[in-house]
Amino acid sequence: MATSKMVLILALLLPLILSTVNGQVIKPEFYKQSCPLAESITMNVVRETLSVAPSLSGPLLRMFFHDCFVRGCDASVLLDSPTNQAEKDSIPNLTLRGYEIIDRVKSAIEMHCPGVVSCADIIALVSRDVVVQSGGASWEVETGRRDGLVSLLSDGLANLPAPFANITSLKSLFLQKGLSVKDLVVLSGAHTIGTAHCSAFTNRLYNFTGTSANSFDPTMDSNYVAALRKKCVQNGPSNVLVEMDPGSSKKFDESYYKLVSKRRGLFQSDAALLDNSETKSYVQTHMGGNSASFFKDFGVSMVNMGRIGVLTGNAGQIRKVCSKIN
Ligand code: HEM
């Protein structure tokens, strides 16, 4: 009894412990005094960007995930490497785009308050603004993160889940980052916007068994397999893109859950959400269109993800240019 109480107390305190390093906490409006325009400048750049290049919404939202899961939310994903050995060069990040938009926000903010706002916080703010600009609901972003000094290619593959990950490995990876099974199913809802390269899921369309060229993943709707095969021909070009939520891939809504429930999730990691009672029940509750509760959950889970391994106090630095350490 005493042990289970202790576990409960620890679980409740975990987010606070994770968001506190060196006695400092990340919190909403961290820049209220030091750079009051930071959030509105960011929102304006995101608005302008998406009005001319709406396809950047997907990669800019994905960037926050790829930053936070690798060495914590410290903007290590942004660091360039002259020898191609940084996170940017790892396989999952080869399809990441939009770095220049983060640079644009950073330059605009630096003009108002030089050396104050971290690149890690800019990624977090941009991800929220992308969701809002795409039709989702807003949430208060905690800020006060500092930027890291290290970025390693090997960290990318080790910490980012593969599209063929099963529910056991997804749960365990999220747990290692202090995130729950609910966070997993809620954050996967980000796949309501954006596109994917055929290469991320063609293993499900052709020779799935390894012994028959025509075999496909039986957990995917066969009509959907047929439609996807038309877009993604076997051994076809590597640059073909498919909307992850067809017809609604620029709109942030809950239709991802409808797709998953119809066995039309694009990746095995999407389909895997039907293999666990908690994630399956979330999918089923939201497949009929329950955006208000999904939007609220999404904000909460993004805040949780934004607390992973943050640097505060004197740790790290505030980079002057996001792609380089000072
Ligand atoms: C749960 C495990 C996850 C896996 C295995 C996964 C994997 C992938 C893969 C393979 C792509 C396609 C990239 C491409 O081919 O260009 C993708 C796209 C995307 N992911 Fe995830 N992802 C996961 C979770 C997340 C989370 C937590 C977020 C954000 C909260 C996210 C946001 C996105 C977005 C927005 C795109 C579209 C990118 C674009 O339009 O270029 N994903 N994901």
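## Exercises on buried spots and a pocket

Thr192 counts as buried, since its relative accessibility is 0% (buried means under 20% relative accessible area, exposed over 50%, partly exposed in between, with a 1.4 Å probe and protein chains only). Before you dig in: this is a predicted model, where local features need pLDDT of at least 70 and side-chain atom pairs count only at pLDDT 80 or more, while totals for chains, interfaces and linings use all residues. Residues are numbered from 1 along each chain as its sequence is written, and side-chain values use heavy atoms, with hydrogens and water left out.

**Exercise 1.** Find where Thr192 sits and what it touches.

*Solution.* Start with the place: Thr192 lies in the loop between α8 and β5 (helices are DSSP runs of H or I with at least four residues, strands are E runs of at least two, numbered from the N terminus). Next, look for contacts (heavy atoms within 4.5 Å). Skipping residues up to four places away in sequence, Thr192 touches Asp245, Ser248, Ser249, Lys251, Phe252, Asp253, Ser255 and Tyr256.

**Exercise 2.** Work out how far apart in space the "binding site" residues Thr192, Asp245 and Asp253 get.

*Solution.* The label comes from an unreviewed UniProt entry, and such annotations may be inferred rather than shown by experiment. The three residues are spread over 62 residues of sequence, but they cluster in space, with a largest C-alpha distance of 9.8 Å. Now zoom in on Asp253: you'll find it in the loop between β6 and α10 (255-261). At 13% relative accessibility, Asp253 is buried. Beyond four places in sequence, its contacts are Thr192, Asp245, Ser248, Phe294 and Phe295.

**Exercise 3.** Explain why Asp67, Val70, Gly72, Asp74, Ser76 and Glu87 gather at one spot.

*Solution.* First, the record: UniProt lists these six under "binding site" in an unreviewed entry. They span 21 residues in sequence, yet no two of their C-alpha atoms are more than 12.4 Å apart, so they gather at one spot.

Then take two members one by one:

- Asp67 is part of helix α3 (residues 57-68) and is buried at 0%. Leaving out neighbours within four places, its contacts include Gly72, Asp74, Ser76, Ala120 and Ile123.
- Gly72 belongs to the loop between α3 and α4 (99-112) and is buried at 5%. With the four-place neighbours left out, Gly72 is in contact with Asp67, Ile308 and Gly309.

**Exercise 4.** Which protein residue gives the donor to the iron atom of the ligand, and where is that residue?

*Solution.* His191 sits in the loop between α8 (181-188) and β5 (195-197).

Now check the largest pocket (an open set of points on a 1 Å grid, with protein on both sides within 12 Å along at least five of seven lines; lining residues have an atom within 4 Å of a point). It has 46 lining residues, and His191 is among those nearest its centre, along with Arg62, His66, Thr95 and Phe267. Elements giving two or more lining residues include α3, α7 (167-176), α8 and β5. Helix α3 supplies the largest share, 7 residues.

**Exercise 5.** Is Ser301 buried or exposed?

*Solution.* Ser301 has a relative accessible area of 2%, so call it buried. Ser301 is found in helix α13. Apart from neighbours within four places, Ser301 is in contact with Asp183, Val186 and Leu187.

Terms used: 1 Å grid on protein atoms, 1.4 Å probe; cavity = no way out; pocket = protein on both sides within 12 Å on 5 of 7 lines; lining within 4 Å.
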